[in-house]
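Hi there,

Here is the structure I promised to pass on. Have a look at it first, and then read on for what turned up.

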Amino acid sequence: MAVLPPIVCDTGSSMIKCGFYSSETPEVQFPAAVARRTLGIDGLFFDTEDSDDDEVENVFGEQNRRHSRKRQLNQSPASSAVSNGIRGSSSSILVGHDALATADQSGINANYPLVNGVVTDWDDMLLVWDEAFLQLLKGGRHGSKRMKLAGGGMAERGTIWESDGSDEWLDELKGGKILQTEAACNPTKNRERILTEMFERYGFGSVNVSVQAVLSLLATGQRIGMVVDSGDGVTHVVPIYEGFVLQPCVKRMAIAGRTITRQLAYLVTHTSGNRVKGLKHLNTINRFARLPDGTEVPIGAERYLAPEILFTPAYAVDEVFKDQPGIQGTLTEAIDSSPLDIRESLQNSVLLSGGNTLLDGFGRRLNAELGRAYGGRARVVERDDRMRPPLPSTAIKVPRVDAWLLVQYGILGFVALAPWNFVLTAVAFLDSKFHHNFASSVPIIYSASVNIAQLIMVWVGNKFTFAPRFDLGCVMLSIAITLLAVVAIIFGDGDLVPNAGLGFGLALICVFFLGFGHSIMESSAFGLAALCPKICMVATMVGEGVGGLAPWPCQLLIEVIFSAVPNSQGWQTLIFFVIPAAVSLLIIPMFRLWTAKHPYMVEVLRIEEKRKHDALATRQTRRPVHRIIREVLPMALCAWGGLAVLFVVFPAQVVLWTSSNPNNNGFVPQIIYTFQVLDTVGRFAPSVGLSLSERMLMLFITLRVLFIPLFICTTLYQSTAPFSFDWFKHIEMALMAVTNGFGVTLAMAYGPQRVSKDKAEQEVAGYTMGFALINGIFVGSLFGLLANVCLGQT
C-alpha cells in the first residue's frame with residue numbers, strides 16, 4: 001500500500017485546516033466545533049425548537065453513526081468515553097459547519113475543544129481530527145480510496161455519507177508523516193497527548209509538533225523576528241531567534257477573535273455571537289447588514305468599536321479584560337523583555353499572523369503605535385498572500401465626507417473667527433470712543449481670554465458632547481459682540497454717558513467673553529474635525545480664512561447705505577456687529593439639524609457618545625493627557641510658530657507702512673485685504689493636493705522667521721528701494737499670507753494624525769492644536785508690542 005504524502009494539520013481555536021504538504025491551500029477547512037443532542041433518561045431530546053426535531057435528528061443520526069464506527073477502531077481510553085455513555089446519556093454528534101448551523105437553529109451549544117490555544121476537551125478534539133482526516137482521505141487524492149455515497153456517486157465536501165463498513169481510511173494513515181501545529185504556550189502535557197494520539201490512535205510513523213508562530217516566520221524566509229499571532233481563542237506575541245522561541249519572553253493576551261465576536265454581538269443589539277462573526281471583517285462602514293436568518297441590524301461604528309478592544313481593552317464588555325495593556329503594550333513588553341542585543345532586530349521584523357490581523361487597517365495601526373513607542377525604529381510586516389475570510393455581501397451605501405459636509409465645516413470655521421475680524425475692522429471707531437489705548441489693549445485681553453479658555457478645553461473639554469459646546473460658544477459670541485456695540489453707543493465721547501473710562505472697562509469685559517466664546521467654538525470645531533478625515537480640518541481652516549474676508553465688504557456696504565444719515569456711526573457699528581451675531585446663532589440649528597444628522601457624522605458622533613459613556617469620571621483618555629500633548633507637540637509648535645511670526649509684524653509693523661503715492665490714504669487697508677485674500681488661498685492649497693512632509697514643514701515654518709527682519713526693515717527704510725515701492729510691500733504681504741495659511745493649515749491637519757486612532761485622544765489633540773494657534777497669536781502680539789517700544793515706533 002502506498003504511503004500518503006506528508007500531511008499538515010493546523011488546529012486552531014476556531015478553525016482546523018488540513019491538507020497535503022504539496023498543496024498551496026488546505027484541502028480541508030472547517031470550524032473546530034462539536035455539537036451534541038443528548039437523549040436523557042426519560043427518552044426525550046433536550047432541544048429548544050421541537051419543530052425541527054425530525055430534520056435535526058436525521059442529520060445528527062448520520063454523523064453519529066459515522067463517528068460511532070470510527071471510535072470502535074484503535075480507540076484510546078478518552079475517546080471511548082463518549083460511546084460508552086460515561087456522560088450519562090446517549091449522544092448525537094455534529095462536527096464543523098453542520099455543528100454551528102444546527103447550534104444556531106436549534107439552540108444547542110457548540111463546543112470548541114481548543115480554548116486559548118490549549119485542548120480542554122480531548123473527546124471532542126479527537127472527533128474534530130477524525131472529521132478532518134476523513135474529509136482529506138475521501139477527497140481521493142494521491143491514490144486513497146473514495147468513500148461511496150449511500151445513493152451512489154462520490155462524496156463531496158459537506159455532504160452526509162455512509163461507509164461501506166470497511167475501516168480502510170484509518171489504515172491509510174499508518175506509517176505516514178504529519179506536521180501538527182500548537183500555540184506558543186502549549187503545556188508540555190498537551191504536547192505529549194498530541195503525540196500519543198497521532199502515534200497510537202492514527203498510526204502515523206513520524207510526527208512533528210511546531211509552534212504556529214515559528215512556521216509563520218519561516219514561511220517568510222526569516223529566522224529572527226517578532227510574531228503577533230492573534231487568532232480566535234488567544235493572542236500571542238512570540239519573539240523568535242534563529243528559529244527558536246524565546247519562551248520566557250512570550251507574552252499572551254486573552255483578547256482574541258472570540259472576544260471581539262462577543263463584543264460585536266453585544267454592540268449589535270445583543271445578537272448571538274455566531275450570527276455576527278463574519279461582520280468583523282467588513283472593510284467599510286455600512287448602514288445595515290443582513291444576518292444569516294434574514295434580520296437586518298445596524299452595523300456602523302460597531303464594526304470598528306469591536307476590534308478596538310485589541311488596542312484599548314478598557315472598552316471591552318468583559319470586565320476581566322479592562323486592565324490589560326492592549327496588543328501594542330503586550331508587543332512592547334515582549335520586545336523589552338528580550339535580550340538587549342537582538343531587540344533592534346525584533347523591532348524591525350514584526351510579522352502579523354492570525355485572522356484578527358486581517359482586519360482592515362490593523363497593520364497600519366500597529367505600525368503607528370510601535371513607531372511612537374520606539375521613535376519610528378520599528379516595522380510591521382504583512383504578507384500579501386495570507387488568506388482572507390469571505391466578506392458578507394450585504395454592504396449597503398457607505399457614508400462618506402461629501403461637499404455639503406465640508407461646507408458645514410467651513411461655516412463652523414467662519415463663525416469661530418468672523419466676530420473677531422469684525423471687531424478688528426471697527427477697532428479704530430472703538431478706540432476713538434473709549435481712548436486709554438483701547439486698540440492696543442484689545443488683542444492682549446482677547447488672546448489672554450482665548451488662552452485661558454483653550455487650557456480649560458484641553459483638560460476638561462472632552463467631558464461634554466459637541467452640541468452643548470457649540471451652543472455655548474455661539475451664544476457667547478453673539479451676546480458679547482452685540483453688547484460691545486451697545487456699550488459703544490451708550491458709553492464714551494459724545495454718547496448718552498460720556499464716561500470713556502467706564503466704557504473702556506465694559507468694552508474689555510465684552511472682548512474677554514468674546515474671546516472665551518471664540519475659543520469654545522474654535523476648539524470644538526477643530527476637535528470635531530480631528531475625528532474626521534484631514535480634508536475636514538482643511539475646510540475648517542478655509543472657513544476661518546473666509547471669515548477674514550467678509551468684514552471689509554460688509555462695512556463698505558453699510559457705510560454706503562447710511563452715508564446720508566449724520567452721526568450714525570454708532571448705529572452702523574451696531575448693525576455691523578449684528579451680522580456675525582446672527583450668523584453665530586444660526587450655527588445651533590445647523591449643527592443639530594444637518595451636521596449631526598449627516599450619515600458620516602452619525603457614525604463619528606456615535607463613537608464620541610460611546611466614549612463619553614464608557615470613560616472614567618476622572619479621566620476620559622486611555623493615556624495621560626500630557627503624553628498625548630507630547631506626541632502632538634511638533635505640529636503644535638509649527639502652528640504656534642506660524643502665527644507667532646505673523647503677529648510679531650502684523651499688524652504692529654504693517655499699520656506703519658505708507659504708500660509712495662501721497663494721495664493713497666487707504667494703503668494699509670489694501671495691504672490688510674491682500675493678506676486676508678492670500679491667507680485664504682494658502683489655507684485652501686492643501687485641499688488641492690499641495691503638501692509637505694512633517695520634517696519639511698518644520699523647516700518651512702522655521703524659515704518664516706526671516707519675515708520679521710524683512711518687515712521691520714520695510715517700516716524703518718520706507719524711502720529706500722525696494723522698500724519704497726508699493727508693489728514690493730504687496731509682494732511681501734502676499735508671501736507672508738500664503739506661507740502662513742499653507743503652513744498652519746498643514747500643521748493643524750497633521751497634528752491629530754500623530755496620536756492613536758482613539759477618538760478621545762484625537763479630540764484632545766484637536767484642542768491642543770487650537771490652543772497652539774491662539775497662544776501663537778498672544779505671544780506674537782506681545783513681541784510685536786515690545787518691538788514697537790524698543791524701536792521707538794508709535
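**A surface patch and an open sheet**

Trp 404, Val 407, Leu 593 and Trp 594 make up a nonpolar patch on the surface, and together they have about 430 Å² of accessible area. Please keep in mind that this is a predicted model. Two helices, H14 (403–425) and H21 (569–595), each supply at least two residues of the patch. Leu 593, for instance, has its place in helix H21.

Now to the sheet. It is an open one, formed by 5 strands in the order E3-E2-E1-E9-E10, with mixed pairing. Strand E3 (28–31) and strand E10 (206–211) stand at the edges; each has a single partner strand, so one side of each is left without a neighbour in the sheet. On average, neighbouring strands of this sheet are turned by 15° against each other, direction ignored.

As a reminder, strands of a sheet pair through backbone hydrogen bonds, either parallel or antiparallel. How do strands E1 and E9 pair here, in the parallel or the antiparallel sense? Strand E1 (residues 7–11) and strand E9 (residues 177–182) pair in the parallel sense, over 3 bridges. Cys 9 has Gln 180 in E9 as its bridge partner.

Helix H4 (residues 122–138) lies across E1, E3, E9 and strand E2 (15–20), and runs at about 35° to E2. Helix H6 (residues 188–201) lies across E9 and E10, running at about 150° to E10.

Methods. Residues are numbered from 1 along each chain as its sequence is written. This is a predicted model: local features need pLDDT of at least 70, side-chain atom pairs count only at pLDDT 80 or more; totals for chains, interfaces and linings use all residues. Side-chain values use heavy atoms; hydrogens and water are left out. Patches are made of residues with over 30% relative accessible area and no salt bridge: like charges are joined within 9 Å, nonpolar side chains (Val, Leu, Ile, Met, Phe, Trp, Tyr) within 5 Å. Accessible areas come from the Shrake-Rupley method with a 1.4 Å probe; for residues, only the protein chains shown count as cover. A salt bridge is a side-chain nitrogen of Lys or Arg within 4 Å of a carboxyl oxygen of Asp or Glu. Helices (H or I, at least four residues) and strands (E, at least two) are DSSP runs, numbered from the N terminus. Two strands pair if DSSP finds at least two bridges between them. Axes are lines fitted to C-alpha atoms, for helices over the stretch in contact, and angles run from 0 to 180 degrees between N-to-C directions. Contact means heavy atoms within 4.5 Å.
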